[in-house]
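Q: Hi! Could you walk me through this one while I have it open?
A: Happy to, let's bring it up.

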Amino acid sequence: MERQRTVEQKDIVLDVNGEKRTYRDDPDMPLLWVLRDVLDLPGTKYGCGIGSCGACTVHIDGAAARSCQVSAAEAAGKKITTIEGLSKDGDHPVQQAWMEEGVSQCGYCQPGQIMAAAALLTQIKKPTDADIDKAMSGNLCRCGTYPRIRRAIHAAAQKGG
């Protein structure tokens with residue numbers, strides 16, 4: 001006999017990229033899947049699903065957060081910013097520095113890296129190498145672009161990132 005899971009559905013209002021979006025389904029669904037599959041914001045990437053790689057990093061109330069580890073219900077009432085909402089046309093200082101330094105290689109982890117870097121620069125305007133290493137240590141890049149990431153963060157900081 002097959003067991004069916006009963007999910008209590010309720011309206012969850014999410015503030016995503018400055019727009020109120022209503023989600024009505026499982027409140028325990030990870031925010032990552034709500035963003036990607038329900039709200040059609042595929043810039044946030046699925047990496048490990050256990051909060052270890054940082055590919056799914058978004059901002060929640062301005063802080064970097066792993067969207068695979070936050071439920072839709074936990075995100076309700078908070079300001080969520082995805083890579084699509086960081087800037088409308090890709091002109092955020094971190095995004096510009098990423099392009100100028102040629103950071104991306106395969107590119108898969110880059111949205112999460114950029115979101116983590118942008119959150120760092122809101123907290124520390126002129127980070128040291130140690131600040132950058134600490135803040136970015138949870139964002140993994142299989143291509144090993146870490147030196148370029150560090151240069152891009154310093155460049156963005158110089159531009160007031």
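**Strands, helix and loop**

A: Let's start where I60 stands opposite I80 in β5. This is a predicted model, where local features need pLDDT of at least 70, side-chain atom pairs count only at pLDDT 80 or more, and totals for chains, interfaces and linings use all residues. Residues are numbered from 1 along each chain as its sequence is written, and side-chain values use heavy atoms, with hydrogens and water left out.

Q: Thanks! How many bridges join β3 to β5, and which way do they run?
A: Two bridges link them, and the strands run antiparallel. For the terms, strands (E, at least two residues) and helices (H or I, at least four) are DSSP runs numbered from the N terminus, and two strands pair if DSSP finds at least two bridges between them.

Q: What about β3 and β4, how many bridges there?
A: Four, between residues 57-60 of β3 and residues 63-66 of β4, again in an antiparallel arrangement. Within that pairing, T57 has R66 as its bridge partner, while H59 sits opposite A64.

Q: And the turn of that hairpin, which residue has a positive phi?
A: That's D61, with phi near 50 degrees; the hairpin has two residues between its strands.

Q: Which way do the β3 side chains point, and are they buried or exposed?
A: T57 and H59 point one way, V58 and I60 the other, and all are buried. Buried means under 20% relative accessible area, exposed over 50%, and partly exposed in between, with a 1.4 Å probe and protein chains only.

Q: Switching to α1: which of its residues are buried?
A: L31, L32, V34 and L35. Their cover includes β1 (10-16), β2 (19-25), β3, α2 and β5 (79-81).

Q: What follows that helix?
A: D40 does, and its phi is positive, near 55 degrees. Further on, the loop between α1 (31-38) and β3 also holds T44.

Q: Is T44 buried or exposed?
A: Buried, with a relative accessible area of 1%.

Q: What does T44 touch?
A: Leaving out residues up to four places away in sequence, T44 touches L32, L35, R36, A55, C56, V58, S67, T82, I83 and E84. A contact here means heavy atoms within 4.5 Å.

Q: Now A73, where does that lie?
A: A73 is in helix α2, residues 72-75. A73 is partly exposed, at 33% relative accessible area, and touches I12 and P27, not counting residues up to four places away in sequence.

Q: How far is A73 from Y23?
A: They are 50 residues apart in sequence and 9.6 Å apart in space, C-alpha to C-alpha.

Q: Let's zoom out. What order do the elements come in?
A: From the N terminus, β-β-α-β-β-α-β-α-α-α-α-α. The chain is as compact as a globular protein of its length, because its radius of gyration is 16 Å, close to the 15 Å that the globule rule gives for 161 residues. That radius is taken over C-alpha atoms, and the rule is 2.2 Å times the number of residues to the power 0.38.

Q: What share of the residues is buried?
A: Of the 161 residues, 43% count as buried.

Q: Last one: how many positive and negative side chains are there?
A: There are 20 positive and 20 negative, and the centres of the two sets lie 4 Å apart. Lys and Arg count as positive and Asp and Glu as negative, without His and the chain ends; each charge is placed at NZ of Lys, CZ of Arg, CG of Asp or CD of Glu.
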